Amino acid sequence: SNIIVTIPVVVHVLYNTAAQNISDAQVQSQLDVLNADFHRLNGDLSKVPAAFTSLIGDAGVQFVLAKRDPSGNATTGIVHKSTTATSFDSSDKMKYSSSGGDDAWPAASYLNLWSCNLGGGLLGYAQFPGGAPATDGVAILYSAFGSGGTAVAPYDLGRTATHEVGHWLNLRHIWGDARCGNDQVSDTPTQQTSNYGCPAFPHVTCSNGASGDMFMNYMDYTDDGCMQMFSSGQGDRMDALFATGGSRAALLT
Ligand code: ARG
Ligand code: ZN
Ligand code: CA
């Protein structure tokens, strides 16, 4: 990517316990990871197998905590809010003050991130482009948010948000959510299904050749320390959203 897009971010920190009230430093650690991962500046790029290094993409997207709230007042871009809800799930309740959450800031102007407790082993989830503004954004488990503080291995390097913001920018899972499925990106190899943990290279499936699965891609399900790249094709797919008429172009104005 040649273009650099800068997106204002608001982080809604919802807490029912003191531990869930993650610090501003932990929030900033997540912004730092996003800024590295979406601009090919992550320090662990050297872990990408040589067979895939020519495919490493630069999404050219950067993130900054909002300096103005929707009313135009100065803000840190971080909202800390106590909730009586002990846990949330993927039903969007964290996105509404009326259900123990915190209302989204206008989706045309901000990326909304919610840090909260999530049940059922869920690390996070995202809304794809084109959905309802009130629920647009990404929810992340507080113990998988950023690094340091409450973050717990193997999901303590901020890659849950990298993965989910990838969805928010229209990326599909690299296995195409089907056996040998299609993720609509031509330079990511077809692979049988999701990978977990830290696979050994190569992991060949679906007759995908000597290099096998691109399991170190952020859109797989491997551990935070075992994912290091978007592909060029994924970068192009994200960038298309910011072109004239693209579904996230309003964020640039
Ligand atoms: N939505 C996925 C889940 O909840 C996110 C996986 C993120 N993977 C990671 N290594 N952080 O399982
Ligand atoms: Zn996903
Ligand atoms: Ca592909």
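In this briefing, Ala, Val, Leu, Ile, Met, Phe, Trp, Tyr, Cys and Pro count as nonpolar, Asp, Glu, Lys and Arg as charged, and the others, Gly among them, as polar. By these classes, the shell around ligand 1 holds 5 nonpolar, 3 polar and 3 charged residues. The structure is a predicted model.

- The residues around ligand 1 include Leu-122, Leu-123, Gly-124 and Tyr-125.
- Two elements, β5 (124–126) and α2 (159–168), each supply at least two residues of the shell.
- The largest share, 3 residues, comes from α2.

**Helix α2**

- Of the 10 residues of α2, 9 are buried, so the helix is largely enclosed by the rest of the structure.
- The buried residues of α2 are Arg-159, Thr-160, Ala-161, Thr-162, His-163, Glu-164, Val-165, Gly-166 and Trp-168.
- An α-helix has 3.6 residues a turn, so residues three or four places apart point the same way.
- The buried residues of α2 pack against α1, β4, β5 and β6 (138–141).
- Just after α2, Asn-170 takes a positive phi of about 80 degrees.

**Strand β1 and its partners**

- Strand β1, residues 5–15, is mostly covered, with 8 of its 11 residues buried.
- Between β1 and β2 (residues 61–65) there are 5 bridges, and the two strands pair in the parallel sense.
- Val-5 has Val-61 in β2 as its bridge partner.
- From β1 the chain passes through helix α1 (residues 24–37) to reach β2, and this β-α-β crossover is right-handed.
- Strand β4, residues 111–116, runs parallel to β1 and is joined to it by 5 bridges.
- The bridge partner of Val-9 in β4 is Leu-111.
- Strand β3, residues 78–82, is likewise parallel to β1, with 5 bridges joining the two.
- For Tyr-15, the bridge partner in β3 is Ser-82.
- In a regular strand the side chains alternate between the two faces of the sheet.

Terms used:
Residues numbered from 1 in each chain as written. Chains lettered and ligands numbered in written order. Predicted model: local features only at pLDDT ≥ 70, side-chain atom pairs only at ≥ 80, totals over all residues. Near = placed C-beta within 6 Å. Helix = DSSP H or I, 4+ residues; strand = E, 2+ residues; numbered from the N terminus. Buried ≥ 20, exposed ≤ 12 C-beta atoms within 10 Å, placed from the backbone. Pairing = 2+ DSSP bridges. Right-handed = clockwise from strand over helix to strand, strands pointing away. Contact = placed C-beta atoms within 7 Å.
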